[in-house]
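Please keep the sequence and the structure open while reading.

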Amino acid sequence: MTDLSNETVLVTGSAGFIGSHVSAELLRRGAARVVGVDCVTDYYDPRRKRLNHQQLVDAFGDRFQAHEVDITEQEQITGLMRDAGVTGVVHLAAKAGVRPSIADPVGYAMANVVGTQSVLSAASACDCKRVVCASSSSVYGNNEKTPFSEDDSVERPISPYAATKRACELIGHTHHHLTGMPVAMLRFFTVFGPGQRPDLAISLFLGKVSKGETINRFGDGTTSRDYTFVDDIVGGVMRAYERIDAHGYRIWNLGGDHPITLNELIETVGRVVGKEPVINEMGMQAGDVERTWADLSRSRAELGYAPSTGIEEGIERQWAWMQEHADLVLA
Ligand SMILES: NC(=O)c1ccc[n+]([C@@H]2O[C@H](COP(=O)([O-])OP(=O)(O)OC[C@H]3O[C@@H](n4cnc5c(N)ncnc54)[C@H](O)[C@@H]3O)[C@@H](O)[C@H]2O)c1
């Protein structure tokens with residue numbers, strides 16, 4: 001494992017679901033400091049995000065710094081990176097929901113496209129050594145061929161969110177080309193586990209099924225997703241951070257490698273909470289893709305990425321976390 005003891009890493013989106021896990025893991029693995037930046041949007045309960053920051057401070061003291069700053073404020077970001085002596089960046093801040101992006105394409109373009117350019121430009125101004133960025137499986141759109149490979153065409157995104165994530169990949173390539181800075185783009189496939197965003201299906205279903213409430217099933221339940229447990233994603237982020245220097249610019253899929261249908265997911269949630277789900281059948285939602293499934297050949301070969309937590313175990317761990325934080329997530 002690479003020695004991180006000389007690294008001060010900027011993590012954007014540090015108060016969010018994946019960012020809080022990544023920040024903790026960098027510090028557990030010995031990074032000198034993590035500088036967390038998150039403007040704490042109200043997309044979901046800001047108390048959850050501030051609790052994430054507080055828990056990082058409680059666990060790691062002044063090795064974790066929290067800044068409530070918007071990433072589009074480039075001068076401010078550059079200033080705090082310079083002051084902290086940031087050596088590398090894990091950029092996870094974004095407006096992250098697919099469906100809400102249809103109603104707010106300009107907001108998504110600002111946060112995701114302008115925000116990513118702002119972070120990359122700040123990284124250059126501070127002579128950072130490398131940047132790892134979150135992209136998304138949504139860039140594959142309604143790709144017919146499965147599993148989805150990094151070499152597949154991604155010219156047809158079907159939501160503003162997906163289009164912004166593809167734009168970030170292209171901006172990252174340009175940045176690498178012009179500056180020589182190593183840039184990794186990670187295509188995450190639906191991430192779940194403790195702390196999962198409340199707008200995502202597993203969180204929503206666990207909450208509603210446990211209370212005996214009806215859940216909305218969009219489509220006939222045959223759509224499928226390659227769900228990925230958050231610890232596996234974090235492992236992939238760490239490996240990308242350690243290995244991107246050898247590649248320059250690289251896109252890697254990070255998936256779970258076991259796609260399941262929506263119907264199977266609902267059954268699993270029912271088993272985990274011990275209740276029969278009550279389903280309200282709805283039409284397909286605009287912007288939703290039919291299926292996702294990551295081809296992991298490249299990330300296995302080049303990162304040694306090997307997801308190890310299956311769907312049922314992962315949902316059990318997420319459910320345990322939700323019960324522990326019932327006041328915030330099940331109220
Ligand atoms: N969760 C998934 O299934 C999934 C899948 C694919 C890609 N991703 C990507 O992974 C990253 C993290 O996602 P997440 O699920 O943890 O979402 P999240 O919403 O929990 O975290 C994102 C954080 O970014 C912050 N943020 C948003 N706009 C900002 C801005 N302008 N300035 C500063 N902070 C800002 C939010 O306050 C939030 O805390 C995102 O880039 C997302 O697009 C997530």
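Which element gives the most to the shell around the ligand? It is α1, with 3 residues. The model is predicted: local features need pLDDT of at least 70, side-chain atom pairs count only at pLDDT 80 or more, and totals for chains, interfaces and linings use all residues. Residue numbers start from 1 along each chain as its sequence is written. Helices (H or I, at least four residues) and strands (E, at least two) are DSSP runs, numbered from the N terminus.

**Ligand shell**

- The ligand is surrounded by 29 residues, and the closest are Gly13, Gly16, Phe17, Ala94 and Phe188; a residue counts as near a molecule if its C-beta atom, placed from the backbone, lies within 6 Å of it.
- Two or more residues of the shell come from each of α1 (17–28), α5 (105–125) and β5 (130–136).
- By class, the shell divides into 16 nonpolar, 8 polar and 5 charged residues.
- In these classes, Ala, Val, Leu, Ile, Met, Phe, Trp, Tyr, Cys and Pro are nonpolar, Asp, Glu, Lys and Arg are charged, and the others, Gly among them, are polar.

**Whole chain**

- The chain contains 12 helices and 13 strands.
- Its radius of gyration, taken over C-alpha atoms, is 19 Å, close to the 20 Å that the globule rule gives for 331 residues, so the chain is as compact as a globular protein of that length.
- The globule rule is 2.2 Å times the number of residues to the power 0.38.
- The C-alpha trace spans about 55 × 45 × 40 Å along its principal axes.

- Two packed helices are described by the angle between their axes and the distance between the axes.
- Axes are lines fitted to C-alpha atoms, for helices over the stretch in contact, and angles run from 0 to 180 degrees between N-to-C directions.
- Helix α3 (residues 74–84) and α5 have axes that come within 9 Å and cross at roughly 40°, which means that α3 is oblique to α5.
- Angles under 35 degrees count as roughly parallel, over 145 as roughly antiparallel, 65 to 115 as roughly perpendicular and the rest as oblique.
- Gln74, Ile77, Thr78 and Met81 of α3 meet Ser118, Val119, Ser121, Ala122 and Ala125 of α5, where contact requires C-beta atoms, placed from the backbone, within 7 Å.
- The contact of α3 with α5 has 5 nonpolar, 4 polar and no charged residues.
- The axes of α5 and helix α6 (residues 160–179) come within 9 Å and cross at roughly 20°, so α5 is roughly parallel to α6.
- The crossing of α5 and α6 is also right-handed.
- Among the residues in this contact are Pro105, Tyr108 and Ala109 of α5 and Pro160, Tyr161 and Thr164 of α6.
- By class, the contact of α5 with α6 has 10 nonpolar, 8 polar and 1 charged residues.

**Packing of α1 with α2**

- α1 packs on helix α2 (residues 46–60) at an angle of about 10°, with the axes 10 Å apart, so α1 is roughly parallel to α2.
- Ser20, Ser23, Ala24 and Leu27 of α1 meet Asn52, Leu56, Ala59 and Phe60 of α2.
- That contact has 5 nonpolar, 3 polar and no charged residues.

**Backbone points in loops**

- Thr146 and Pro147 are joined by a cis peptide bond, with omega about -10°.
- Pro147 is in the loop between β5 and α6.
- Asp127, although not a glycine, has a positive phi of about 55°.
- Asp127 sits in the loop between α5 and β5.

Definitions and conventions:
Two residues are in contact if their C-beta atoms, placed from the backbone, lie within 7 Å. A crossing is left-handed if the near helix is turned anticlockwise from the far one by less than a right angle, and right-handed if clockwise.
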